[in-house]
Amino acid sequence: MSSSARRIPVWLAVVAASLPMFMSTLDNLVVTNALPAMRADLGASIEQLQWFVNAFTLAFASFILVAAALGDRLGRRTVFLVGIAVFTGGSILAALSTTPEMVIVSRAIQGLGAAGVMPLSLTLLAGSVPTRLRPAMIGIWGGVAGLGVALGPLIGGAVVEGWNWQAIFWINVPVGVIALPLALVALPNSRGARVGIDVLGVLLAGLGVLAVVYGIVRGNDAGWDSFEIVGSLTVGALLLVGFVLWELRAPAPLLPMRLFRDRSFTAANVVGFAFSFGMFGSVFILIQFLQVVQGASPLQAGLQTMPWTLAPMFIAPLAGLLAPRVGTRALMVTGLTMQTAALVWMALVMSRDVAYLELVPPFLLAGIGMALVFAPMSTAVLAHMPEVDHAKATGTNSTLREVGTALGVAALTAVFLGAHGQLTPTGYVEAAVPAILTGAAALGLGAIAALFLPAGRGTAVAHDAGLDEVDAESGPVDEPVAVG
């Protein structure tokens, strides 16, 4: 750490690294709660509503690992600043959008910007503070990330109800304007190993996932046996197979396949994918149920989901303390089982006139279950990884969880539409139930995958040590964060 970096107050470095990350994390669930208002104002179809979410998610997932590699070559603060600027510009374009297509393009630009912010914020923070303060500062950083997830529906509801849906994007602009000079002053411009960027890998993976998601989103409208859908799904599958084959021989692979030789890493990533697929796909359906069917305002819907979204804020730190004592497997199996039960419970009680109090217990159960998965998943991903592979490992986990979110939203909505669901009070519930049960099934499969995690109580040690022992020049691993 340079002498100039030492003169920067620690709290300023924490704010500089955390503020853009909070903005990016917040924006996904803010949009989810604003979807009914955006649909009414823009005349958007349910297919387009999915792309309001998935355009961000897919762009973000496709460029996480690329942004980390560019940070190593060009300077982490440089890429971080570009990410903030691109995200802010995408927010302005989204706020000015007058058609669903404009929103979709703007959301993709936001996703590209978020990819430059999220994987580098923790690296820059740890390189800015003394080693003895890193655990505390990383804890604050993690709390801010969790706060973005927890407050997303509430802030989105309040903003939409108090102003309009455009305001959820305008609020990013002053944050971005403040964050740019703050990061320039408070964060060092460190670099890492200069390795080649796997452009072909990026194209194969990004286009493959996009083709699969497109096929799922369009399936009900175009016909599942149509040339458009069969072709899209086939091309997507072939591109993803080509990605795996290329990564096995690429000189500087985007995703080193050797990482999957580690059982803990593989199982944790299967869990991460299934978790995001089932839980965030269900959130997409349930947020609209509260507004479309039960007549809740955006703010009321945000308040009603707080037992679900806020529970991880209180339970996740306890899960982190328990992980070294009981092991990640026990916590993750328990958490995924609780979430599976919660979604089944919601599906069983869901009706047009169900009392809100009947939804509170499954909301709480789902929130506690989420908390038991978040922190242990990060630990399990890195449990047996050498430090040189930490960035790739955590970047891979973030990418797979974002892809799971995109596929979950697409697949559960396809189930909803396949059951003749409509965005009306009378045509919603009967189709929403099988969609939510599909999400529950995905979480159940995740619980089974978690059983393959290694048993033991020491798996948290490697992760903690990896964060504490990283030198200031290279920075720590890129910790995965929760984006819907």
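Colleague: How many salt bridges does a search of the whole structure find?

Modeller: This is a predicted model, and the search finds 1 salt bridge in the whole structure. The side chains of Glu-228 and Arg-218 meet there, at 3.1 Å from N to O. Glu-228 belongs to helix H10 (residues 227-247) and Arg-218 to helix H9, so the pair ties together parts that are 10 residues apart in sequence.

Colleague: Is Glu-228 buried, exposed or partly exposed, and why?

Modeller: Buried means under 20% relative accessible area and exposed means over 50%, with partly exposed in between. Glu-228 has 29% relative accessibility, so it counts as partly exposed.

Colleague: Thanks! Which residues make the nonpolar surface patch?

Modeller: An α-helix has 3.6 residues a turn, so residues three or four places apart point the same way. Now look at Val-199, Leu-203, Leu-207 and Leu-210, which make a nonpolar surface patch of about 350 Å². Leu-203 sits in helix H9 (residues 199-222) and is partly exposed, with a relative accessible area of 47%.

Colleague: What about Gln-110: buried or exposed?

Modeller: Gln-110 has 0% relative accessibility, so it counts as buried. Gln-110 is part of helix H5 (residues 100-126), and its side chain makes a polar contact with the side chain of Arg-107 at 3.0 Å.

Colleague: Where is the kink in H16 centred?

Modeller: Find Pro-376: a kink of about 30 degrees is centred on it.

Methods. Residues are numbered from 1 along each chain as its sequence is written. This is a predicted model: local features need pLDDT of at least 70, side-chain atom pairs count only at pLDDT 80 or more; totals for chains, interfaces and linings use all residues. Side-chain values use heavy atoms; hydrogens and water are left out. Patches are made of residues with over 30% relative accessible area and no salt bridge: like charges are joined within 9 Å, nonpolar side chains (Val, Leu, Ile, Met, Phe, Trp, Tyr) within 5 Å. Accessible areas come from the Shrake-Rupley method with a 1.4 Å probe; for residues, only the protein chains shown count as cover. A salt bridge is a side-chain nitrogen of Lys or Arg within 4 Å of a carboxyl oxygen of Asp or Glu. Helices (H or I, at least four residues) and strands (E, at least two) are DSSP runs, numbered from the N terminus. Buried means under 20% relative accessible area, exposed over 50%, partly exposed in between (1.4 Å probe, protein chains only). The bend at a residue is the angle between axes fitted to the seven residues ending there and the seven starting there. A polar contact is a pair of N or O atoms within 3.5 Å; within protein, one must be able to donate a hydrogen and the other to accept it, and residues adjacent in sequence count only if both atoms are side-chain atoms.
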